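We'll start at the ligand, move on to one helix, and finish with a handful of individual residues.

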Amino acid sequence: MSDKKNTVTVTDNSTGKSYDFNLLEGTIGPKVIDIRKLYAETGMFTYDPGFTSTASCESGLTYIDGFEGLLQHRGYSIEDLAENSNFLEVCYLLLHGELPSKQEMEKFDNTITNHTLIHEQIRHFFQGFRRDAHPMAIMIGVVGALSAFYHDSLDITDEKQREIAAHRLIAKMPTIAALTYKYSIGQPFMYPQNDLSYAENFLYMTFATPTEDYKVSPILADAMDKIFILHADHEQNASTSTVRLAGSSKANPFACIASGIASLWGPAHGGANEAVLSMLAEIGHKDNIPKYLAKAKDKNDPFRLMGFGHRVYKNYDPRAQVMRKACHEVLEELKIDDPMLDLAMELEKIALEDEYFVQRKLFPNVDFYSGIILKAMGFPTSMFTVLFALARTVGWISQWKEMIEEPTQKIGRPRQLFTGPTKRDYVDIDKR
Ligand code: SDX
């Protein structure tokens, strides 16, 4: 019998029966009630739509304390990493669990650089889309199709193949994202340059043209790299859980990442950064803020304050703080006086003093400021979620790798509370 101290007892008052379940404790964060034997012992399920109280897995990658507004990757705070690290080093940290030595970093950097090209045939995929296709639709299609080209990294039971697939995805996402943008504006595709850093290369492939030399601004490259770091991973969010569930069926890694891109596209999730800009454009002027706050509070109005609120953070999203600072720096450097930023700051100030938002602990999240900085950098709003997907790919593939390497890993298969009709006999159409 397990020690009573480390168990939870559930009593079914309809039968008077009691059941003990073990309490499990991680290195930090809430304890969990191990209910894996619940159905076998009680014939009952738990019920938790939206998984607000459910730990779907054990993980060592990212820890979030929503009440304190903390975010740590393998123990390092997001503020520390955004200030002192770079995106590729964070990729190494998420994939391998430790910060790399100088030699390890050099090797990893070279490996990623040498995977930035995509198969030449893949370039033809873009021609099949309309020029005005949403870039996320193209990303889902092209990334899912990578499994048709890289047959030597599809065997998920082979550690080497899993590693090559992870490297290919991290390296090729910027190339595919830049091609998606070029296709949408009818400009020629640009090839990656091996002498540029990860962020510089992406900006080069996105904004350079074959007609003239293009110097990547170090300020923009630094801001881009920081934005990638802020979006790298975020525990078991909707798109990461989608990738884990897809991966649990042993689907290949490229298909799993495509499923993550699909889930991220929603405006309640990664699509919010694009939705924030549309919302600010709709509000238009700070005099209209009270009207839109009233709409956000009106249960009969579908309008929500995009970029506000979070399932986990009931405090400031630490990423939003870093993003807001970067926003001011970039706009100052570029000498851009964007009224959207002033409007966003006024909206944030008023909302944070409003009882409805205070009572519900609704604070700005990572998406509230990211759109403003991306717009200042020259990206169209339709590309904002593509950049989120580009950066989150390392989180998705690291979580996927952790799941595949989990010895107890099994296919995810939730149950339900059935509220439909019970058994009834078929009635011929002429008797209905
Ligand atoms: C991301 O999970 C992650 O980690 C995601 C992410 C990541 O890095 O992967 O952090 C990225 O997706 C950030 C979130 C981006 N989405 C948005 O900014 C869209 C706007 N936000 C809302 O849709 C909402 O806040 C969610 C979806 C983010 C969270 O919703 P929850 O946890 O389901 O909260 P809820 O809907 O139960 O809200 C609780 C209350 C409700 O009011 P009551 O029923 O209690 O009266 O707060 C209200 C909601 O109506 N509310 C809002 C609101 N968000 C919640 N009211 C107005 N505006 C909002 N934005």
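Keep in mind that this is a predicted model.

**Ligand site**

- His234 puts a polar side-chain atom 2.6 Å from an oxygen atom of the ligand.
- Lys299 also has an N or O atom in its side chain at 3.0 Å from an oxygen atom of the ligand.
- With Leu305 it's the backbone that takes part: one of its polar backbone atoms is 2.8 Å from a nitrogen atom of the ligand.
- How much of the ligand does the protein bury? Taken alone, the ligand exposes 1,100 Å², and the protein buries 75% of that.

**Helix H9**

- H9 covers residues 218-230, which is 13 residues.
- From its first C-alpha to its last, H9 reaches 18 Å, close to the 18 Å expected at 1.5 Å a residue.
- Ser217 caps the N-terminal end of H9, with a side-chain oxygen 3.2 Å from the backbone nitrogen of Ile219.
- H9 is mostly covered, as 10 of its 13 residues are buried.
- Among the buried residues of H9 are the charged pair Asp225 and Lys226, along with Leu220, Met224 and Phe228.

- Asn237 lies in the loop between H9 and helix H10 (238-248).
- Is Asn237 buried or exposed? Asn237 counts as buried because its relative accessibility is 13%, and the cut-off for buried is under 20%.
- A second polar contact, at 3.0 Å, links the side chains of Asn237 and Thr240.
- Leaving aside residues up to four places away in sequence, Asn237 touches His269 and Arg392.

- His167 sits in helix H7 (residues 159-185) and counts as buried because its relative accessibility is 8%.
- Not counting residues up to four places away in sequence, His167 touches Phe108, Thr111, Ile112 and His115.
- Asp152 is 15 residues from His167 along the chain, and their C-alpha atoms are separated by 13 Å.
- Asp317 is in the loop between helix H13 (289-297) and H14, and is buried, with a relative accessible area of 0%.
- Which residues does Asp317 touch, not counting those up to four places away in sequence? They are His310, Pro364, Asn365 and Val366.

- Arg74 isn't a glycine, yet has a positive phi of about 50°.
- You'll find Arg74 in the loop between strand S5 (70-73) and strand S6 (76-77), where it counts as partly exposed at 25% relative accessibility.
- Lys335 isn't a glycine either, and has a positive phi of about 55°.
- Lys335 is in the loop between H14 and helix H15 (339-352), and counts as exposed at 71% relative accessibility.

Terms used:
Residues are numbered from 1 along each chain as its sequence is written. This is a predicted model: local features need pLDDT of at least 70, side-chain atom pairs count only at pLDDT 80 or more; totals for chains, interfaces and linings use all residues. Side-chain values use heavy atoms; hydrogens and water are left out. A polar contact is a pair of N or O atoms within 3.5 Å; within protein, one must be able to donate a hydrogen and the other to accept it, and residues adjacent in sequence count only if both atoms are side-chain atoms. Accessible areas come from the Shrake-Rupley method with a 1.4 Å probe; for residues, only the protein chains shown count as cover. Helices (H or I, at least four residues) and strands (E, at least two) are DSSP runs, numbered from the N terminus. The expected span of a helix is 1.5 Å times one less than its number of residues. Buried means under 20% relative accessible area, exposed over 50%, partly exposed in between (1.4 Å probe, protein chains only). Contact means heavy atoms within 4.5 Å.
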